[in-house]
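Dear colleague,

Please find below the structure that I am handing over to you. My notes on what was found follow directly after it.

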Amino acid sequence: MKENIFASGELWIQSGTFNPDEHSFVQILDAPPQAVRRANDLDSMNATDILQLINDDIFPMLDPFELTSAQIKNRLPLFSATLILLPGNYAVYSIKMSHCVGDGVTFFQLIKQVSLCMNGLKVAPIDWDVPLKATHEFYPPEFSPRDVDISYGLPFLIGALKNFLFTRRQGSIILLDKHKVRAKKKELREQLGCSDISSNDVITAALCQAVKSSDVFVFTENTRSIIQGVPVNAGGNFLWEIPVPREVCSSADELRRVVASSSSGYKTNELPLQPFLCGRVARVTSLASIAESLLYNGTEGFATVPSPSFMKGIPLDVALIFRFNKQYWGVLQNFAEFDATEGMIQDLL
């Protein structure tokens, strides 16, 4: 793949143009001795133990995530895979894709393609040539030029700089019990009279209640099949970000209303300036509904864990909701102020 720069300065990736001699896109590593010793007990490990094994012994072996600018400057692979062999017929695979190649939907489309190929099945095509690919600047329908400028212009940059200089953040993972999430969902559906509240709504509302360092929560939404001319199998970055005030997203039914309408939580020209200037704006993304696993006949996944290095250098509150395993949801987060005793979150742990 190679980058193309338009007159406007935008950058995107053109598929099918790469030099296989320049990079090794796949590497197989032997696990370090300490990982081998601990992995001998993998069958008896609980979710916390598995997470600690991956954090302590596996992630240090992997190349950390880099900003897109650093990837291009240092000519790093924009897509790569690593396989680490463990005892007991276990293995860990790590797949990295640069954000300039595509968004989360694109990533999981690629994962699905790899799985289909390994199993000798017909590969679902990805449309890499959608004309709108040349820009990833999509905004909710309610956004005015003023709202765009606040969200991505000088106010946003000032807030990010403030956080970079004065706020320390570190990525970590929270595990939420799926049985407890389902019970809370059932309770809220009955209590609020809203039958379509999802597990993701419950988790997101609980996070918004517990985070004390942000006042506006911006939710990433896939625009495929929403924006005309963007098909469901489009490869690239096709998302927009929907800002919602804390008081709205802290309520699961109000959050469901906003999500279902694919609209901003603010009316046109009513996006508040101060939270962006003060760096009190969080980003929340859920991969739970779009995730695909790398599957092969005779194998079974035991856990999925995004690398905390993904949060490195991000001067904002960020949360990434994902499927950890059959028993737990996971949340990779770097919240500056998070109170696990506040609101619903304590009922989900």
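Serine 172 has glutamine 333, in β11, as its bridge partner. The two strands concerned, β6 and β11 (residues 328-333), pair in the antiparallel sense over 6 bridges; strands count as paired if DSSP finds at least two bridges between them. Helices (H or I, at least four residues) and strands (E, at least two) are DSSP runs, numbered from the N terminus.

Please note that this is a predicted model, in which local features need pLDDT of at least 70 and side-chain atom pairs count only at pLDDT 80 or more, while totals for chains, interfaces and linings use all residues. Residues are numbered from 1 along each chain as its sequence is written, and side-chain values use heavy atoms, with hydrogens and water left out.

The six-stranded sheet

β6 and β11 belong to an open sheet of 6 strands with mixed pairing, in the order β6-β11-β10-β9-β7-β8. At its edges stand β6 (172-177) and β8, each with a single partner strand, so one side of each has no neighbour in the sheet. On average, neighbouring strands here are turned by 25° against each other, direction ignored. Axes are lines fitted to C-alpha atoms, for helices over the stretch in contact, and angles run from 0 to 180 degrees between N-to-C directions. Helix α8 packs on this sheet, where it touches β6, β7, β9 (281-286), β10 (318-323) and β11, and its direction makes about 150° with that of β10. Contact here means heavy atoms within 4.5 Å.

Helices around this sheet

The axes of α7 and α8 come within 9 Å and cross at roughly 95°. α7 is therefore roughly perpendicular to α8; angles under 35 degrees count as roughly parallel, over 145 as roughly antiparallel, 65 to 115 as roughly perpendicular and the rest as oblique. Val181, Lys184, Lys185 and Leu188 of α7 meet Ser199, Val202 and Ile203 of α8.

In helix α10 (residues 252-261), the residues Ala252, Asp253, Leu255, Arg256 and Val258 are buried. Buried means under 20% relative accessible area, exposed over 50%, and partly exposed in between (1.4 Å probe, protein chains only). The buried residues of α10 pack against α7 (178-192), α8 (199-210), β7 (216-222), β8 (239-245) and α9 (246-249).

The three-stranded sheet

A further open sheet, of 3 strands with mixed pairing, has the order β3-β4-β5. Its edge strands, β3 (26-30) and β5 (90-97), each pair on one side only. β4 and β5 pair in the antiparallel sense over 8 bridges, and serine 80 stands opposite lysine 96 in β5. Helix α4 (residues 104-118) packs on this sheet, touching β4 and β5, and its direction makes about 135° with that of β5.

Leaving aside residues up to four places away in sequence, serine 80 touches Phe25, Ser94, Ile95 and Lys96.

Helices α5 and α6

The axes of α5 (residues 145-152) and α6 (residues 154-166) come within 4 Å and cross at roughly 15°. The two helices are therefore roughly parallel to each other. Asp149, Ile150, Ser151 and Tyr152 of α5 make the contact with Leu154, Pro155 and Phe156 of α6.

Yours sincerely
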